[in-house]
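This report describes one protein model, going from its overall make-up to particular residues. Please keep the sequence and the coordinates at hand while reading.

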Amino acid sequence: MSRQLNMDTLRQNFWKEEYLREKMLRCEWYRKYGSMVKAKQKAKAAARLPLKLPALYPQAPLLPAPAPKAAPSRAPSPVQEAPIQSEMCPVLPAIRALLYEGISHDSQGRRRYLNTRKLDLPEKRYLFPITTNFTYGWQLGPPVKQELVSCKMCRIDSFFRKNGVFALLDPRDLAL
């Protein structure tokens, strides 16, 4: 029994367009955030390199201090490590402290921390959108509640049929 492919020109064009759209989204994301991701990967790779300690030599006897030079020499500065960048913004210390208070079973600890973090907008939690799904909720703004204007009885009266299920239809109910 062979599988039937229900592919006509319309469906082929749909899938081709969908593929090109996804490809364009990937290229756009890479153009915007590719350099940040590469910098983060380089920082992680540099952090994974083994730390090479300087060799210790036996102490030599102290020599008399040389005469002072015209220009004071600068002391060698320690090697500055590049900070490892994360996709997420740093957490406030007060919110991080929630992790260590109580246990999740009592709605404290990790559960309270995660629920508190969930209340923040994605723009405040992340530096840039990680996936294309983030674009749907990115910079959406606060939710707006819409109030219902009608009363409950008005909705019930207008929703249900007045002449029963099996009764003949009223000519006013038909669309001609």
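In which helix is Arg 125 found? Arg 125 is found in helix H4, which covers residues 122-125.

## Basis of the description

This is a predicted model, in which local features need pLDDT of at least 70 and side-chain atom pairs count only at pLDDT 80 or more, while totals for chains, interfaces and linings use all residues. Residues are numbered from 1 along each chain as its sequence is written, and side-chain values use heavy atoms, with hydrogens and water left out.

## Overall make-up

The protein chain has six helices and zero strands; helices (H or I, at least four residues) and strands (E, at least two) are DSSP runs, numbered from the N terminus. Along the sequence the pattern is α-α-α-α-α-α.

Of the 176 residues in the protein chain, 9% are buried. Buried means under 20% relative accessible area, exposed means over 50%, and partly exposed lies in between (1.4 Å probe, protein chains only). The accessible surface of the protein chain comes to about 17,600 Å², and carbon and sulfur atoms hold 61% of that surface. Accessible areas come from the Shrake-Rupley method with a 1.4 Å probe, and for residues only the protein chains shown count as cover. Among contacts with a separation of 6 or more, 44% join residues 24 or more positions apart; a contact means heavy atoms within 4.5 Å.

## Helix H1 and the segment before it

Helix H1 spans residues 9-48, and Leu 5 lies in the segment before it. Leu 5 counts as exposed because its relative accessibility is 63%. Together with Met 7, Phe 14 and Trp 15, Leu 5 makes a nonpolar surface patch of about 470 Å². Patches are made of residues with over 30% relative accessible area and no salt bridge; like charges are joined within 9 Å, and nonpolar side chains (Val, Leu, Ile, Met, Phe, Trp, Tyr) within 5 Å.

H1 has a kink of about 60 degrees, centred on Tyr 33. The bend at a residue is the angle between axes fitted to the seven residues ending there and the seven starting there. Tyr 33 is also one of the buried residues of H1, which are Tyr 33, Gly 34, Lys 40 and Ala 43. Lys 40 has a relative accessible area of 13%, so it is buried. The C-alpha atom of Lys 40 is separated by 8.9 Å from that of Glu 87, a residue 47 residues away along the chain.

## Salt bridges

How many salt bridges does the structure hold? The structure holds five, a salt bridge being a side-chain nitrogen of Lys or Arg within 4 Å of a carboxyl oxygen of Asp or Glu. Side chains of opposite charge can pair when their charged atoms come close. One of the bridges joins Arg 21 to Glu 18, with the closest N and O atoms 3.1 Å apart. Both residues lie in helix H1, three residues apart, about one turn of the helix. Arg 21 is partly exposed at 43% relative accessibility, and Glu 18 is partly exposed with a relative accessible area of 29%.

Another bridge links Arg 31 and Glu 28, whose closest N and O atoms are 2.5 Å apart. Arg 31 and Glu 28 are separated by about one helical turn because they are three residues apart in helix H1. Arg 31 is exposed, with a relative accessible area of 60%, whereas Glu 28 is partly exposed at 33%. Asp 120 forms a salt bridge with Arg 117, the closest N and O atoms lying 4.0 Å apart. Asp 120 is partly exposed at 26% relative accessible area, but Arg 117 is buried at 9%. Salt bridges that share partners also join Glu 17, Glu 18 and Arg 21 into one network.

Ser 107 is found in the loop between helix H2 (93-96) and helix H3 (110-119). The phi of Ser 107 is near 60 degrees, a positive value in a residue other than glycine. With a relative accessible area of 41%, Ser 107 is partly exposed.

Arg 125 is buried yet has no salt bridge, and the nearest side chain of opposite charge, Asp 120, is 5.7 Å away. For charge, Lys and Arg count as positive and Asp and Glu as negative, while His and the chain ends are not counted. Neighbours within four places in sequence aside, Arg 125 is in contact with Glu 87, Met 88, Cys 89, Arg 117, Lys 118 and Asp 120.
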